[in-house]
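Here are my notes for you to read with the picture open. Take the points one at a time and find each residue as you go.

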Amino acid sequence: MQENRLKGLFYCTLSIISWGLLPVSAKGLTEFMDPYTINFFRFALAIVPLGLYLLTKRREVVHGRLGIRGMLLLVVAVVALLLNHIYFMVALPYIPASSSQVVIQIGPLLLLMGGLVLFKESFTRLQWAGVGLLAIGFTLFFNFRLFEIIDPANDYGRGIRIMALAAIVWAFYGLAQKVLVSLISPAVVMMCCYFGGVIILFPFADKSAFLSLGVVQMALLLVCTFSSLIAYIAFAESLNYWPTSNSSALLALIPLITIGFERIFTVIFPEFMEFSAISFLSLAGALLVVVATMMITICVGTSPKTSP
């Protein structure tokens with residue numbers, strides 16, 4: 001039992017570190033490659049290692065026949081996950097990496113809200129308190145920049161709105177995956193997303209940009225490529241060794257991990273990244289977002305139904 005808990009902690013820690021690292025490494029690339037090119041190479045480079053991982057799990061990736069309904073849900077999941085990746089990268093040039101991870105916390109909330117409607121799940125009082133605390137956390141984090149968010153001509157506001165779209169489409173992916181999980185592994189959905197992404201983004205990607213990357217930019221691209229892949233796989237593995245609530249609680253720490261990495265990267269690579277100073281109010285808001293997300297994801301209600 002203790003060994004399983006340690007394995008669960010290891011995989012979950014690896015997951016949150018990888019997710020926390022993703023926007024920082026991607027942010028460092030945005031001056032050298034456009035978002036579509038970054039995503040194109042992320043998908044292309046990740047296909048082989050993900051395929052090798054699926055080969056090791058070949059008896060576990062498909063659990064039943066999909067049928068027409070399952071195929072439609074698979075399409076929804078793949079399209080939503082692909083749009084999530086694209087919107088995330090499109091938004092990053094406009095906002096700091098730390099802001100991206102705070103905004104993306106909307107995703108888990110929308111996923112749970114979708115469960116209320118589609119799966120007739122329930123919210124506990126602590127979860128509703130968490131929703132209120134999340135709203136306060138967002139208000140504190142953005143404080144004096146709230147008016148920029150609603151200004152259609154403001155670049156920062158544009159980035160925040162696009163990142164919110166990334167969170168919304170991720171929730172659609174999560175809802176579809178919640179039904180598909182009994183039929184197909186999330187890793188298969190990722191593989192379909194990567195293949196689809198390579199095909200769709202091929203005409204828009206600047207393939208020559210890859211050859212012009214320096215050593216540091218190449219390293220950032222590799223980190224950006226494998227951080228999300230490792231994060232998804234490590235999170236899935238963690239669920240084999242300890243309760244989902246434990247992993248969900250630790251995932252809430254990702255915004256703080258990103259703030260830390262953002263600071264470290266600007267010290268190591270000052271020519272590629274600039275640290276966006278965080279005020280006391282913004283830091284307090286980020287902490288409240290973390291606490292609120294933990295409350296929302298851990299204090300779950302009942303789930304009478306598992307399919308719509």
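**Notes on the model**

1. Let's start with Y53, which sits in helix α2 (residues 35-56). Helices here are DSSP runs of H or I with at least four residues, strands are runs of E with at least two, and both are numbered from the N terminus. Y53 is buried, at a relative accessible area of 18%. Buried means under 20% relative accessible area, exposed means over 50%, and partly exposed is in between (1.4 Å probe, protein chains only). Leaving out neighbours within four places in sequence, Y53 is in contact with A187, I233 and E237, where contact means heavy atoms within 4.5 Å. I233 is 180 residues from Y53 in sequence, yet their C-alpha atoms are 8.8 Å apart.

2. A word on what you're looking at. This is a predicted model, where local features need pLDDT of at least 70, side-chain atom pairs count only at pLDDT 80 or more, and totals for chains, interfaces and linings use all residues. Residues are numbered from 1 along each chain as its sequence is written, and side-chain values use heavy atoms, with hydrogens and water left out.

3. Now the overall picture. The protein chain has 13 helices and 0 strands. Of its 308 residues, 50% count as buried. Take the contacts between residues at least 6 apart in sequence: 86% of them join residues at least 24 apart. The chain exposes about 14500 Å², and carbon and sulfur atoms supply 72% of that; accessible areas come from the Shrake-Rupley method with a 1.4 Å probe, and for residues only the protein chains shown count as cover.

4. Have a look at α6 (residues 125-142). With 18 residues at 1.5 Å each, α6 should span 26 Å, and its end C-alpha atoms are 26 Å apart, so the two agree. (The expected span is 1.5 Å times one less than the number of residues.) Which residues of α6 are buried? They are Q127, G130, V131, L134, G137, F138, F141 and F142. These cover an arc of only 125° around the axis, so they lie on the same side of α6; the arc is that of the directions from the helix axis to the C-beta atoms. The cover over them includes α4 (97-103), α5 (106-118), α7 (146-150), α8 and α13 (280-298). Just after α6, N143 takes a positive phi of about 20°.

5. One of those covering helices is α13. Its 19 residues reach 27 Å from first C-alpha to last, close to the 27 Å expected at 1.5 Å a residue. S282, G285, A286, V289, V290, A292, T293, I296 and T297 are its buried residues. M295 also lies in α13. The C-alpha atoms of M295 and R125 are separated by 9.9 Å, though the two are 170 residues apart along the chain.

6. How many salt bridges does a search of the whole structure find? It finds 1, counting a side-chain nitrogen of Lys or Arg within 4 Å of a carboxyl oxygen of Asp or Glu. The partners are D155 and R158, whose side chains meet at 2.4 Å, N to O. Both lie in helix α8, 3 residues apart, about one turn of the helix. An α-helix has 3.6 residues a turn, so residues three or four places apart point the same way. D155 is partly exposed at 44% relative accessible area, and R158 is partly exposed at 26%.

7. Stay with α8 for the surface. V76, L110, L165, I168 and F172 make a nonpolar patch of about 390 Å². Patches are made of residues with over 30% relative accessible area and no salt bridge: like charges are joined within 9 Å, nonpolar side chains (Val, Leu, Ile, Met, Phe, Trp, Tyr) within 5 Å. Helix α8 (residues 155-180) gives the most to this patch, with 3 residues. F172, found in α8, touches V76 and A80, not counting residues up to four places away in sequence.

8. Last stop: V216, in helix α10 (residues 215-238). V216 is partly exposed, with a relative accessible area of 22%. V216 and G28 are 188 residues apart in sequence and 9.5 Å apart in space, C-alpha to C-alpha.

Terms used
Expected span 1.5 Å × (residues − 1).
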